[in-house]
Amino acid sequence: MKFVVTTSHKPTKEEVLSARGLADELGVKYVSRGRLNDFKKDYPIDFYYVFDKNGQLSIRTGDSVFFFHPGMSKVRYKNIKLQDSDYLIKSMELSGDETVLDTTFGLGNEALLIAHFLPEGKVVGLEASEHIYRVVSHGLRNYPYTYEWIREASTRIELHNRDLRDFVKECPDASYDIVYCDPMFDRPQMSSNSINPLRPFAMYERISRADVDEMIRISSKRFIIKSRTRDTLFEELGLQFDKLCGSKKSGVLYGVVEKR
Ligand SMILES: C[S@@+](CC[C@H](N)C(=O)[O-])C[C@H]1O[C@@H](n2cnc3c(N)ncnc32)[C@H](O)[C@@H]1O
């Protein structure tokens, strides 16, 4: 895909420097915002990165803007407080000092929720898409958090731009307490507005049974994988789950394989 890096309109010197630095790292052109429209006429691009005024990094494609925001973690946290109900958190059975490997990080909204329940532990995240990784890792560090619990949770997250299928093969047996996997659904839930702008950049290749066996091998307590109830992933994998957590209403299931 062809892309460039720019800033918002009337940028500060720092914003220009940050944008130039990112363009160098990514090996693409920096184009000043004032020249962007003319540039696009001569050199068609698929999208562009923007270093925004508020220190945020976003990617713009046509009318769509992809940026980091912890919106869904806030909603789910509120539900936990109101009715003690979050199937993912329940299925994890956290003590608070675990190291959780989130192999499909995306926007990191579930990782933030998990990290909140790990005051003595941490979340290690993997994201295969370079563009999602860039935007989300920048966002995790620079987002203007209004909720202290989210800011604090973000400090217990370590994110890597890696494909889980290569990463897991390098890990010794039982190297993480819990391994979690939330691959892209085969039938996208288009009402999921929070994840829609991420879709053009996401990795869609199906997770195989061999990948799952590796994820189970490197977990010491449990392995958890998410699927929509209408998705065929669980059937394809042919896994024997110890527990299925979820609800018909949300249409989402968490399959749990216990290690002890
Ligand atoms: C459904 S989203 C995860 C959403 C995430 N649980 C959240 O709360 O924001 C799946 C993410 O996993 C990434 N992904 C898919 N396959 C991957 C792989 N093999 N290795 C690493 N990341 C992968 C996709 O690019 C996408 O960003």
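The structure is a predicted model, in which local features need pLDDT of at least 70, side-chain atom pairs count only at pLDDT 80 or more, and totals for chains, interfaces and linings use all residues. Residues are numbered from 1 along each chain as its sequence is written.

**Domains**

The chain is divided into domain 1 (3-55) and domain 2 (71-258), with bounds that come from an automatic or database domain assignment. Taken over C-alpha atoms, the centres of domain 1 and domain 2 are separated by 31 Å.

**The sheet of 4 strands**

Helices (H or I, at least four residues) and strands (E, at least two) are DSSP runs, numbered from the N terminus. Two strands pair if DSSP finds at least two bridges between them. An open sheet with mixed pairing is formed by 4 strands in the order S1-S2-S3-S4. Its edge strands are S1 (3-7) and S4 (64-67), each of which pairs on one side only. On average, neighbouring strands of this sheet are turned by 25 degrees against each other, direction ignored.

| Strand pair | Sense | Bridges |
|---|---|---|
| S3 and S4 | antiparallel | 4 bridges |
| S5 and S8 | parallel | 3 bridges |
| S9 and S11 | antiparallel | 7 bridges |
| S10 and S11 | antiparallel | 5 bridges |

Individual residues show how these strands face one another. Val100 has Ile178 in S8 as its bridge partner. Lys226 stands opposite Tyr254 in S11, and the bridge partner of Leu244 in S11 is Gly255. S10 and S11 form a hairpin with 4 residues between them, and Gly251 in the turn has a positive phi of about 75 degrees.

**Helices across the sheets**

Contact between two residues requires that their C-beta atoms, placed from the backbone, lie within 7 Å. Axes are lines fitted to C-alpha atoms, for helices over the stretch in contact, and angles run from 0 to 180 degrees between N-to-C directions. Helix H1 (residues 13-26) lies across S1 and S2 (47-51), running at about 165 degrees to S1. With 14 residues, H1 reaches 20 Å from its first C-alpha to its last, close to the 20 Å expected at 1.5 Å a residue; the expected span is 1.5 Å times one less than the number of residues. Gly27, which follows H1, has a positive phi near 70 degrees.

Helix H6 (residues 130-142) lies across S3 and S4, at about 145 degrees to S3.

A residue is near a molecule if its C-beta atom, placed from the backbone, lies within 6 Å of it. The ligand is surrounded by 21 residues, the closest being Thr104, Gly106, Leu107, Glu110 and Ala128. The elements that give two or more residues to this shell are H5 and helix H8 (164-170). By class, the shell has 10 nonpolar, 6 polar and 5 charged residues. Ala, Val, Leu, Ile, Met, Phe, Trp, Tyr, Cys and Pro count as nonpolar, Asp, Glu, Lys and Arg as charged, and the others, Gly among them, as polar.
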